[in-house]
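Open the model in your viewer and keep the selection tool at hand. The tour moves from stop to stop, saying what to select and what is there.

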Amino acid sequence: MTPHPDSGAAGYPPDYLSTLPSRELQRIMHESPTLPLAVLRNQGGFSVDYDNRRVWRDCFWKGSFAKDTLLGWEERLLTPIHDAGAQYTGGRFWKRFELHGDEARAYIVNYGVGLLPGRAVVRPEVFASDTRPYLRTGDTVFLLTYLNQPYRVVHDLIKAVDPDNCIGVMHLGSYPRGRVFATFVMSRSNHPFEKMAIPDHDAIFASSHARAPLPAELEGRWRGHLVLFSHPERALHHQFNPPLLRLDASRVGETVETRMRTGLLSSRTRATFDADEVILEHRSGRRDHLRRLDDETLLGRRTRAGSSQVTLRYVLTRMR
């Protein structure tokens, strides 16, 4: 395997492979042995990488097509892939794997069309030909074949190049023949803090990693992404976090003056610094509750006047 310089022993950085063209992905696939089939299994775990500001949910593998393919071009047009700052690929399909003896079963949703899922079986296969640039004779590869229409015309050859990343080639036709259609990558579901879902937000907001910001830590300009999606285990949710909030906080003597803008609406708020959170009180009586994760990140909740019911969740990122 030829690892990325920053990958370390664990493998490639999150979503790095989705920035590569087909030729480079196929070269990595050619040079890399695959991990055992068991690595594909999704076990439903949830973890937070606070150092790298990232949420991991082992509910499925999100898939992205190489950027120089027609499908990859369409994907980047509709869901841009960010290759600066927090690397993030939303993906255009997802696959969930369960182990059944010496094979895996896959449940696949393409382009968010949950009414027409693909069902497939995955088996290790020893590749006997040397005619493909992405595999060597004698390589073990995962052969994914579909069990239902209209997908049975397709098969994939896949290698798990590290515990959280796979590279595959999609073919039209029956194995071992078939025409190469597109190269793709799959990564265990993960996203930066700005793309978190409601269960992520609730768990992190209540965790010991979050605390009340000090006045000096609140000061500055912040951009906020709304957190709207409730079921990250069911779908790709990159389109559900619009950046519709803005918070400006400035020190005036011993107090902090704040202005919160939500969409086109803007209002001044009064900041109260409690032991666990900062409360921004609006004239209407509604409140925003803020907790700090790091120098760059605040989590916020909005509640109704006179109620503890949460009506809005968001992630604030410091603007430079």
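**Stop 1: Thr258**

Select Thr258 first. Leaving aside neighbours within four places in sequence, Thr258 is in contact with Leu218, Leu247, Asp248, Ala249, Ser267, Arg268, Thr269, Arg270, Ala271 and Leu280. Contact here means heavy atoms within 4.5 Å. Thr258 sits in strand S12, residues 255-262. Helices (H or I, at least four residues) and strands (E, at least two) are DSSP runs, numbered from the N terminus. With a relative accessible area of 2%, Thr258 is buried. Buried means under 20% relative accessible area, exposed over 50%, and partly exposed in between (1.4 Å probe, protein chains only). Now show the side chain of Thr269: it makes a polar contact of 2.3 Å with the side chain of Thr258. A polar contact is a pair of N or O atoms within 3.5 Å; within protein, one must be able to donate a hydrogen and the other to accept it, and residues adjacent in sequence count only if both atoms are side-chain atoms.

**Before moving on**

This is a predicted model, in which local features need pLDDT of at least 70, side-chain atom pairs count only at pLDDT 80 or more, and totals for chains, interfaces and linings use all residues. Residues are numbered from 1 along each chain as its sequence is written, and side-chain values use heavy atoms, with hydrogens and water left out.

**Stop 2: the whole chain**

Zoom out. The protein chain has 4 helices and 17 strands. Its C-alpha atoms fill a box of roughly 75 × 40 × 35 Å, taken along the principal axes. Of the 320 residues, 51% are buried. Among contacts between residues at least 6 apart in sequence, 54% join residues at least 24 apart.

**Stop 3: helix H1**

Select residues 22-31, helix H1. Ser22, Leu25, Gln26, Ile28 and Met29 are buried there. What covers them? The cover includes strands S6 (140-146), S7 (154-162), S8 (165-172) and S9 (179-192).

**Stop 4: two cis prolines**

Stay with these strands and select Pro150, in the loop between S6 and S7. The peptide bond from Gln149 to Pro150 is cis, with omega near 5°. Next, pick Pro176, in the loop between S8 and S9. A cis peptide bond joins Tyr175 to Pro176, with omega about 10°.

**Stop 5: Arg53 and Glu194**

Select Arg53, in the loop between strand S1 (46-49) and strand S2 (54-65). Its phi is near 55°, a positive value in a residue other than glycine. Glu194 forms a salt bridge with Arg53, the closest N and O atoms being 3.1 Å apart. Glu194 lies in the loop between S9 and helix H3 (198-205) and Arg53 in the loop between S1 and S2, so the pair ties together parts that are 141 residues apart in sequence. Both Glu194 and Arg53 are buried. A salt bridge is a side-chain nitrogen of Lys or Arg within 4 Å of a carboxyl oxygen of Asp or Glu. The structure holds 25 salt bridges.

**Stop 6: two further pairs**

Select Asp202 and Arg313. Their side chains meet in a salt bridge (2.8 Å, N to O). Asp202 lies in helix H3 and Arg313 in strand S17 (residues 310-318), so this pair ties together parts that are 111 residues apart in sequence. Asp202 is partly exposed at 25% relative accessibility, whereas Arg313 is buried at 16%.

Now take Glu217 and Arg292, which meet in a salt bridge of 3.6 Å, N to O. Both are buried.

**Stop 7**

Select Thr89, in the loop between helix H2 (70-78) and strand S3 (93-100). Thr89 is buried, at 2% relative accessible area. A polar contact of 2.4 Å joins its side chain to that of Ser18. Then select Asp15, in the segment before H1. Phi of Asp15 is near 65°, a positive value in a residue other than glycine.

**Last stop: Leu70**

Finish at Leu70 in helix H2. Is Leu70 buried or exposed? At 71% relative accessibility, Leu70 counts as exposed. Leu70 and Phe181 are 111 residues apart in sequence and 9.5 Å apart in space, C-alpha to C-alpha.
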